Amino acid sequence: MNLPLVARGKVREVYDAGSGRLLLVASDRISAYDHVLPTPIPDKGRVLTALSVWWFGQLTPVLDSFGAAHHLVSASDVPAEVAGRAMLVRRLSMLPVECVARGYLSGSGTVEYARTGAIRDVALPAGLVEGSQLPEPVFTPSTKAELGEHDEAIDFAAVEAAVGADRAAELRELTLALYRRGAEIAREAGIILADTKFEFGLDGDGRLTLGDEVLTPDSSRFWPALTWSPGDAQPSYDKQYVRDWLTASGWDRVSPPPELPADVVEATRERYVTAYEQLTGTTFR
Ligand code: Q0N
């Protein structure tokens, strides 16, 4: 392939494709408890890429209503060795804010709420628990941390300081609108979209543009609607077999993680494929 590497995440790479384009490549690697596991999940990169491409189409009316765009150019015009798991995208000037929307209380949101009764600038009613639906989805921006660090929560004033008050307001409203539409579509497919993270940039004409991958299980929390029960940790739609097996294995979450057994790999692959098929109503492959 031989394109210059621009950036590398835990499970994805970004290459310079020339002519103002980038190639976003999703691998079959999977992370859990902040570690990349040594065992790949076959087809994960292809499923997440296909899902992202499908979501860009679903979200286009929302983007249009804001006068915004997405960065996807093509998922078919890509090098053969990454076929199916790569997106050719427009190179943007990325905004330095991770735009998170939360519709449910989970993880760091639960910690923040337990401490303050609020999430960021939004006061919340008493009595919410891990897994509770929030009265309204909340914009919880963060800044991108160095590789290996966790993203750092920021308040809305910090977003205004970073991108200006008007752009900050636009980011918040567009993030929440995209989340609402995504959660509505997911719910119809039996999946709760608890939260998600978007990244935006500006194209050459200064147009606000949705980048990165969108509404995948790697950028979002997917919960099966059937088992949703606020009060305890919700099972992850995709990674629960992996987490349960790692926990039962006695792994200390610090040492290099162990290889996954074949049955856990196969069950996890099936979860990704099923999520794709449930959401899109089409067969994977
Ligand atoms: C870009 N990141 C951080 C892939 C995503 N369209 C774009 N234009 C310029 N830069 C980027 C994009 C996009 N998307 C965004 N790095 C480069 C997120 N990465 C992490 C690794 O995987």
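The lining of the second largest pocket draws at least two residues from each of β10 (99–104), β13 (133–139), α4 (165–188) and β16 (191–198). Helices (H or I, at least four residues) and strands (E, at least two) are DSSP runs numbered from the N terminus. The structure is a predicted model, in which local features need pLDDT of at least 70, side-chain atom pairs count only at pLDDT 80 or more, and totals for chains, interfaces and linings use all residues. Residues are numbered from 1 along each chain as its sequence is written, and side-chain values use heavy atoms, with hydrogens and water left out.

On a 1 Å grid over the protein atoms alone, a pocket is an open set of points with protein on both sides within 12 Å along at least five of seven lines, whereas a cavity is a set where a 1.4 Å probe fits but cannot get out; lining residues have an atom within 4 Å of a point. A volume is the space filled by probe spheres set on the points, which are joined across faces, edges and corners.

By class, nine lining residues of the second largest pocket are nonpolar, two are polar and four are charged. Here Ala, Val, Leu, Ile, Met, Phe, Trp, Tyr, Cys and Pro count as nonpolar, Asp, Glu, Lys and Arg as charged, and the others, Gly among them, as polar.

The structure holds one cavity of 30 Å³ or more. At least two lining residues of the largest cavity come from each of β3 (21–26), α1 and β8 (86–90). This lining divides into six nonpolar, two polar and three charged residues.

The packing of helices is set out below. Axes are lines fitted to C-alpha atoms, for helices over the stretch in contact, and angles run from 0 to 180 degrees between N-to-C directions.

| Helix pair | Angle | Axis distance |
|---|---|---|
| α1 (residues 44–65) and α6 (residues 262–280) | about 20° | 9 Å |
| α3 (residues 156–163) and α4 | about 125° | 7 Å |
| α1 and α4 | about 125° | 10 Å |

Angles under 35 degrees count as roughly parallel, over 145 as roughly antiparallel, 65 to 115 as roughly perpendicular and the rest as oblique. Helices α1 and α6 are therefore roughly parallel to each other, while α3 and α4 are oblique.

Confidence is expressed as pLDDT, the predictor's score for each residue from 0 to 100. The chain averages a pLDDT of 97, and 100% of the residues score at least 70.
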